[in-house]
Amino acid sequence: MTLRLHDTLTRSLVEVEPLEAGHLRLYTCGPTVWNRVHIGNFRTFIFEDVLRRWLDHHFEKVTHVMNLTDVDDRILRNAKEHGVSLEEETAQWIAAFFEDRDTLGLRPAHHYPRATEYIGPMVELIERLQDAGAAYDSDGSVYFRISAFPGYGRLSGFSASSLVAGASGRVDADSYDKEDARDFALWKAVGPDDIGWDTKLGRGHPGWHIECSAMSMTLLGESLDIHCGGVDNIFPHHENEIAQSEAATRQPFVRVWCHSEHLRILGEKMAKSLNNFMTVPEVMAGGARPSAVRYMLAASTHYRKPLNYSDEPLAAATEAVDRLAAFRDRVNELRAADGGGADEDVLTAIRHARNGFDEAMDDDLNLPEAMGAVFASLRDINRALDANAVSAEAQRALRALLDEVDDVLGVFPLVDRERGGDLSEEERGLLGARQEARNAKDWAQADSIREQLARRGIAVEDTAEGQRWRRA
Ligand code: AMP
Ligand code: ZN
């Protein structure tokens with residue numbers, strides 16, 4: 001089985017084959033930690049998480065690096081305004097990012113390098129570019145000379161001559177003197193009172209793009225296998241990363257470039273700058289369950305298509321998670337019988353599910369289609385189970401299928417947590433007592449316990465699968 005991914009650079013499906021046999025090196029652009037990341041950012045991070053999980057499934061060893069951009073103009077501005085160090089300014093947002101990552105069940109990367117810890121490698125890389133004639137100084141700042149890199153524009157499809165500064169919010173439109181308006185800053189000079197680093201390049205701070213080139217090449221080598229981000233990263237960020245890295249090393253920087261489409265809201269990209277964003281805690285406060293948010297972002301729409309956030313896909317995702325969880329409960333509660341009259345039908349349906357799932361995942365990570373194959377088989381399996389018993393072997397095969405699917409989907413640990421994993425003992429006791437009251441049809445007692453839980457900030461709902469609670 002070969003995994004094929006859409007490569008932004010060649011605009012085609014390419015086979016994923018690690019440069020180093022058995023070891024795949026993955027770099028994903030992480031958050032700029034100037035405030036709390038939003039669920040739009042998490043659409044990209046969850047796409048990358050699904051990719052990471054499927055790579056773990058395919059290859060012996062995967063090294064995943066996600067950087068934290070902890071120095072940029074907005075962070076510097078905020079730190080100055082608050083009169084604190086960069087580290088103090090970003091600590092709360094880094095902690096919040098990890099909290100949200102865990103709420104949505106992302107598999108942690110192997111490294112989370114912070115830009116501020118890689119100033120040395122950035123300065124070295126800039127010096128290499130100066131030596132190669134691809135960078136020049138101006139007023140203490142250092143710029144990349146786009147005319148020195150003929151391949152500029154290949155990733156985004158913009159020809160170098162058509163580019164003008166300011167074409168994207170993140171094109172460097174500084175007023176510093178540049179040879180060419182398209183050139184971008186590698187190093188920005190600052191005054192003695194500003195936050196900065198005293199280096200061989202003078203006092204200043206790095207530009208955004210050089211951060212990712214330096215961190216990825218330091219941790220993963222000069223040529224790496226897969227580099228990801230949201231589509232807004234294609235230009236100028238990744239275009240500039242290629243130019244800086246390849247002008248310095250003369251090696252191909254990345255084998256496959258993957259970009260996920262945006263999460264939108266009311267038809268517009270969700271973005272801090274448009275003030276139309278929602279954070280993970282805000283979405284949870286609205287009553288959404290982490291498992292459903294994860295499912296919606298990961299599996300409701302292929303990653304290369306825009307997804308519109310609204311109640312509708314969230315409700316559909318909630319239903320999908322409930323169906324999966326109910327099926328898992330059914331499998332766990334099955335009483336295996338000798339003979340297993342349903343075995344043949346069940347094993348055939350498992351085979352269909354697995355083939356359909358693997359094929360769709362290998363075809364550019366099509367998780368929505370993969371889940372379609374799983375749900376179609378679950379219907380067949382449910383029908384077979386309604387009619388007949390299964391053997392212990394078939395039951396094990398069903399569990400294995402669910403484990404394999406959830407190894408990528410990642411919702412069951414969230415469902416378990418939502419069902420009570422992180423309640424205090426006392427709270428769990430109350431839920432248990434309420435269940436007993438319901439079993440005994442003592443509705444008054446059940447209602448009274450519901451009120452006790454509500455006073456503790458826990459909302460309880462009764463569903464076909466039993467009580468479901470969440471923190472209000
Ligand atoms: P930033 O913190 O702005 O550097 O963004 C972190 C990641 O989130 C990048 O990969 C962006 O491409 C991605 N991103 C930003 N906004 C959205 C959105 N609305 N939908 C999907 N991905 C996004
Ligand atoms: Zn980056």
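**Ligand sites and strand pairing**

Reply: Of the 18 residues around ligand 1, those that come nearest are Gly40, Thr44, Asp232, Leu263 and Met270; a residue counts as near if one of its heavy atoms lies within 4 Å of the molecule or strand. This is a predicted model, in which local features need pLDDT of at least 70 and side-chain atom pairs count only at pLDDT 80 or more, while totals for chains, interfaces and linings use all residues. Residues are numbered from 1 along each chain as its sequence is written, chains are lettered from A and ligands numbered from 1 in the order in which they are written, and side-chain values use heavy atoms, with hydrogens and water left out.

Me: How much of the accessible area of ligand 1 does the protein cover?

Reply: The protein covers 93% of the 490 Å² that ligand 1 has on its own, by the Shrake-Rupley method with a 1.4 Å probe; for residues, only the protein chains shown count as cover.

Me: Which residues are called donors of the zinc ion (ligand 2), and why?

Reply: Donors are N, O and S atoms within 2.8 Å of the metal (3.2 Å for Na, K and Ca); water is not among the atoms, so sites may look incomplete. Cys29 (SG), Cys212 (SG) and His237 (NE2) coordinate the zinc ion at 2.1 to 2.2 Å, and therefore qualify. Cys29 lies in the loop between strand E3 (23-28) and H1, and Cys212 in helix H5 (residues 208-220), so the pair ties together parts that are 183 residues apart in sequence. Helices (H or I, at least four residues) and strands (E, at least two) are DSSP runs, numbered from the N terminus.

Me: How do you know that strands E5 and E6 pair?

Reply: Two strands pair if DSSP finds at least two bridges between them. Strand E5 (residues 135-138) and E6 have four bridges, in the antiparallel sense, and therefore pair. Asp137 stands opposite Val142 in E6.
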